[in-house]
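Colleague: I'm new to this structure and would like a guided tour. Could you take me through the features one by one, with the general idea ahead of each case?

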Amino acid sequence: MILAALENGVSEAENSGGRFPQVRFGNRRRMEARQADGRWVDASRLSGVTRNALHLATRIAVAEGVSGDRALPLVLDEPCAAWDDERLAAAHRAFSALARGGRQVILLSADERLASWGCTWARLPAPSVRESDGQRKAA
């Protein structure tokens, strides 16, 4: 039952431009995506960017599933790494829909394209590492 709910949530949230309209958890609970022609493919055979989109959709579906009627914050680190502008725009729409639904969405990213989304943007200094002892110090 939990996997079925997760499959539905991922299928609704997945961001592949319609190329993979459905996901499921197959043998050994591995994620599979249904291609537009109806064939199922193991997610490990997909491109890294498409796998990233499926994993993001999974995280969103899990967050939605476990939070119940509470709108808990969603904190994501580099959720859109290496995405092209089209996929990033779709992610923006998905995150905006979550925010309109009352969920606080916090994205940590070095991708400055996210700054154009009209939300609060903060640039944090990168930590530096001292070569002598490998301990971090403020930059």
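Modeller: Let's begin with accessibility: buried means under 20% relative accessible area, exposed means over 50%, and partly exposed is in between, using a 1.4 Å probe and protein chains only. With a relative accessible area of 44%, Asp 84 is therefore partly exposed. Before we go on, this is a predicted model, in which local features need pLDDT of at least 70 and side-chain atom pairs count only at pLDDT 80 or more, while totals for chains, interfaces and linings use all residues. Residues are numbered from 1 along each chain as its sequence is written, and side-chain values use heavy atoms, with hydrogens and water left out.

Colleague: How much of the protein counts as buried?

Modeller: Of its 139 residues, 32% do.

Colleague: And what secondary structure does the protein have?

Modeller: Here helices (H or I, at least four residues) and strands (E, at least two) are DSSP runs, numbered from the N terminus. The protein has three helices and seven strands.

Colleague: How do I read the packing of two helices?

Modeller: Two packed helices are described by the angle between their axes and the distance between the axes. The axes are lines fitted to C-alpha atoms, for helices over the stretch in contact, and angles run from 0 to 180 degrees between N-to-C directions. Take helix α2 (residues 48–67) and helix α3 (residues 85–100): their angle is about 5°, and their axes are 13 Å apart. Angles under 35 degrees count as roughly parallel, over 145 as roughly antiparallel, 65 to 115 as roughly perpendicular and the rest as oblique. So α2 and α3 are roughly parallel to each other.

Colleague: Which residues of α2 and α3 make the contact?

Modeller: Contact means heavy atoms within 4.5 Å. From α2 come Val 49, Thr 50, Ala 53, Leu 56, Ile 60 and Glu 64, and from α3 come Arg 87, Phe 95 and Leu 98. For sorting them, Ala, Val, Leu, Ile, Met, Phe, Trp, Tyr, Cys and Pro count as nonpolar, Asp, Glu, Lys and Arg as charged, and the others, Gly among them, as polar. That gives six nonpolar, one polar and two charged residues in the contact of α2 with α3.

Colleague: What about the core?

Modeller: In soluble globular proteins, nonpolar side chains tend to be buried together. A nonpolar core is a set of buried Ala, Val, Leu, Ile, Met, Phe, Trp, Tyr and Cys residues joined through side-chain atoms within 4.5 Å. The largest one here has 14 residues, and Leu 56, Ile 60, Leu 74, Cys 80, Trp 83 and Phe 95 touch the most other members. At least two residues of this core come from each of α2, β4 (74–77) and α3. There is also a second, separate core of nine residues, including Val 23, Phe 25, Leu 46 and Leu 54.

Colleague: What does Leu 74 touch beyond its neighbours within four places in sequence?

Modeller: Leu 74 is in contact with Ile 60, Ala 63, Leu 98, Arg 103, Gln 104, Val 105 and Ile 106.

Colleague: How many disulfides does a search find?

Modeller: A disulfide is a pair of cysteine sulfur atoms within 2.5 Å, and searching the whole structure finds zero. As for individual cysteines, Cys 80 is buried because its relative accessibility is 5%, while Cys 119, at 45%, is partly exposed.

Colleague: Which residues stand out in the loop between β4 and α3?

Modeller: Asp 84 is found there, and its C-alpha atom is 9.1 Å from that of Val 49, 35 residues apart along the chain. Glu 78 sits in that loop too, with a positive phi near 50° in a residue other than glycine. Ala 82 also lies there and has a positive phi of about 65°, although it is not a glycine. Glu 78 is partly exposed at 29% relative accessibility, whereas Ala 82 is exposed at 68%.

Colleague: Is Trp 117 buried or exposed?

Modeller: Trp 117 counts as buried, because its relative accessibility is 16%. Trp 117 is in the loop between β5 and β6 (128–129). Leaving out residues up to four places away in sequence, Trp 117 touches Leu 88, Ala 91, His 92, Phe 95 and Leu 107.
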